[in-house]
Amino acid sequence: MQAKRVLGNPFARAEKELDKRDRTLREELPDTVALRHRAHYLSEIGDLAGAVEVSEQLLADRVRVLGEDHPQVLTTRLNLANLRGRAGDAAGAAEALERLVLDMERVHGADFIYTVLSQRDAVRWREEADRDSRGSA
C-alpha cells in the first residue's frame, strides 16, 4: 500500500511552506540555498570556522536583498550566533543574541518562538562566556 500525502498533515504543510520559501529565496538570490547548505555541511563535518564564514556571507546577502527585519534574516542571525558560540566565541555569540532578542521582540513580539529561543541561547552563551573569563583570570 502506497503512503498517501495528506494536505491536512502538519508535516506536509510545513514541507510545502519550506519548499515555497526556498523557491522564493532562490528567485531572489540564486546562491542563497547553496550557501545555507554549504554552511550546514561545514558545520556537520566540524569546520565551524568555515560555517561561520559562509553564514556571514549568507547573512550579508539576505540583508541586502530582504532587509534587516525579514524573518529569514533574523533566523540567519540566530543560526550564525549559535555557530559562533559552537566555534568557541561564547562572548561574541552572547552579544549577537542579546542584540537579536531586541530585534525579535520588536518585529515578532516577546512570545514568538524564535524570540524565546534567542533569549534562551543568549543566556546560555553569556553563562559560558562568564565561565570562560573566570577560568582564564
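Residues are numbered from 1 along each chain as its sequence is written, and side-chain values use heavy atoms, without hydrogens and water. As the model is predicted, local features need pLDDT of at least 70 and side-chain atom pairs count only at pLDDT 80 or more, while totals for chains, interfaces and linings use all residues.

Q: Why is α4 called roughly antiparallel to α5?
A: The axes of helix α4 (residues 71-86) and helix α5 (residues 90-108) cross at roughly 160° and come within 8 Å. Axes are lines fitted to C-alpha atoms, for helices over the stretch in contact, and angles run from 0 to 180 degrees between N-to-C directions. Angles over 145 degrees count as roughly antiparallel, under 35 as roughly parallel, 65 to 115 as roughly perpendicular and the rest as oblique. The angle therefore makes α4 roughly antiparallel to α5.

Q: Which classes of residue make up the contact of α4 with α5?
A: The residues of this contact (heavy atoms within 4.5 Å) divide into eleven nonpolar, four polar and four charged. Ala, Val, Leu, Ile, Met, Phe, Trp, Tyr, Cys and Pro count as nonpolar, Asp, Glu, Lys and Arg as charged, and the others, Gly among them, as polar. Among those that meet are Leu 74 and Leu 78 in α4 and Leu 97 and Leu 100 in α5.

Q: What makes α4 and α6 roughly parallel?
A: The axes of α4 and helix α6 (residues 113-136) come within 11 Å and cross at roughly 20°. Consequently, α4 and α6 are roughly parallel to each other. Their contact includes Thr 75 and Asn 82 of α4, and Tyr 114 and Trp 125 of α6. By class, the residues of the contact of α4 with α6 are three nonpolar, four polar and three charged.

Q: How are α3 and α4 known to be roughly antiparallel?
A: The axes of α3 and α4 cross at roughly 160° and come within 9 Å. The two helices are therefore roughly antiparallel to each other. Among the residues in contact are Leu 59 and Val 63 of α3, with Leu 80 and Leu 83 of α4. The contact of α3 with α4 has ten nonpolar, three polar and five charged residues.

Q: Which helix supplies the largest share of the lining of the largest pocket?
A: The largest share, seven residues, comes from α4. At least two residues of the lining are supplied by each of α2 (32-44), α3 (48-66) and α4. The largest pocket is lined by 15 residues, of which Arg 36, Ala 39, His 40, Asn 79 and Leu 83 lie nearest its centre.

Q: What classes of residue does the lining of the largest pocket have?
A: The lining has three nonpolar, nine polar and three charged residues.

How values were computed: Helix = DSSP H or I, 4+ residues; strand = E, 2+ residues; numbered from the N terminus. 1 Å grid on protein atoms, 1.4 Å probe; cavity = no way out; pocket = protein on both sides within 12 Å on 5 of 7 lines; lining within 4 Å.
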